[in-house]
Amino acid sequence: MRHPTVSQSVQGTDWKKVRVLVFGRDDQFRFLARQTFRRLNVREVAPFDQTADLPKLLGQGFDILLIDFAVDPEEGLRVLEGVRRPLGNPNEALPVLA
């Protein structure tokens, strides 16, 4: 895998304030995501691969969640459901990239 370059569209974002949560079963995906966001100088990148870790991590106030559905789509859906349900939970509006 080749590391992507920083595009013009993300250069205006103040990444130093952003905390990113990354879910994926594939070690290479988590590594590449972590490296990509670190290159953007994000405040924090927290990769995880166990759905059981989600409630604890959500309580830490992340700004965005990246989910890899490629390796294990069912686990990815469980993570997404953990963020969106029940309706009205404090994490319901967390932006998710899939």
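Two residues are in contact, or touch, when heavy atoms of the two lie within 4.5 Å. With that in hand, welcome to a tour of this predicted model.

**Figure 1. Glu75 sits in a helix and is buried.** Glu75 belongs to helix α3, which covers residues 73-84. Its relative accessible area is 11%, and buried means under 20%, so Glu75 counts as buried. Which residues does Glu75 touch, not counting those up to four places away in sequence? They are Phe23, Arg25 and Thr51.

**Figure 2. The whole protein: three helices and four strands.** Let us step back for a moment. The protein's secondary structure comes to three helices and four strands. Starting at the N terminus, the elements follow the order β-α-β-α-β-α-β. Of the 98 residues in the protein, 33% are buried. Taking contacts between residues at least 6 apart in sequence, 72% of them join residues at least 24 apart.

Figure 3. On to the next pair: β3 and strand β4 (residues 96-97) run parallel and share two bridges. Leu66 stands opposite Leu97 of β4, while Leu65 has Val96 as its bridge partner in that strand. Together, β3, α3 and β4 form a right-handed β-α-β unit.

**Figure 4. Strand β3 sends buried side chains both ways.** In a regular strand, side chains alternate between the two faces of the sheet. Here, Ile64 and Leu66 point one way from β3, whereas Leu65 and Ile67 point the other way. Are these four residues of β3 buried or exposed? All are buried. Leaving aside its neighbours within four places in sequence, Leu65 is in contact with Leu21, Phe23, Phe48, Val79, Val83, Leu94, Pro95, Val96 and Leu97.

**Figure 5. Helix α1 has its buried residues on the same side.** Helix α1 takes in residues 27-39, and its 13 residues should span 18 Å at 1.5 Å a residue. Within α1, the buried residues are Arg30, Ala33, Arg34 and Phe37. Why do they share a side of the helix? They cover an arc of only 100 degrees around the axis, so they are on the same side of α1. Among the elements that cover the buried residues of α1 are β1 (19-23), β2 (44-48) and β3 (64-67).

**Figure 6. Arg34 and its surroundings.** Arg34 is a residue of helix α1. Not counting residues up to four places away in sequence, Arg34 touches Val45 and Pro47. From C-alpha to C-alpha, Arg34 and Val20 are 8.8 Å apart in space, and 14 residues separate them in sequence.

Figure 7. Most residues other than glycine have a negative phi, and most peptide bonds are trans. With a relative accessible area of 47%, Asn41 is partly exposed. Now for the second spot. The peptide bond from Arg85 to Pro86 is cis, with omega near -5 degrees. Where does Pro86 lie? Pro86 is in the loop between α3 and β4.

Technical notes:
Residues numbered from 1 in each chain as written. Predicted model: local features only at pLDDT ≥ 70, side-chain atom pairs only at ≥ 80, totals over all residues. Heavy atoms only, no water. Buried < 20%, exposed > 50% of the residue type's maximum accessible area, 1.4 Å probe, protein only. Expected span 1.5 Å × (residues − 1). Arc of directions from axis to C-beta. Pairing = 2+ DSSP bridges. Right-handed = clockwise from strand over helix to strand, strands pointing away.
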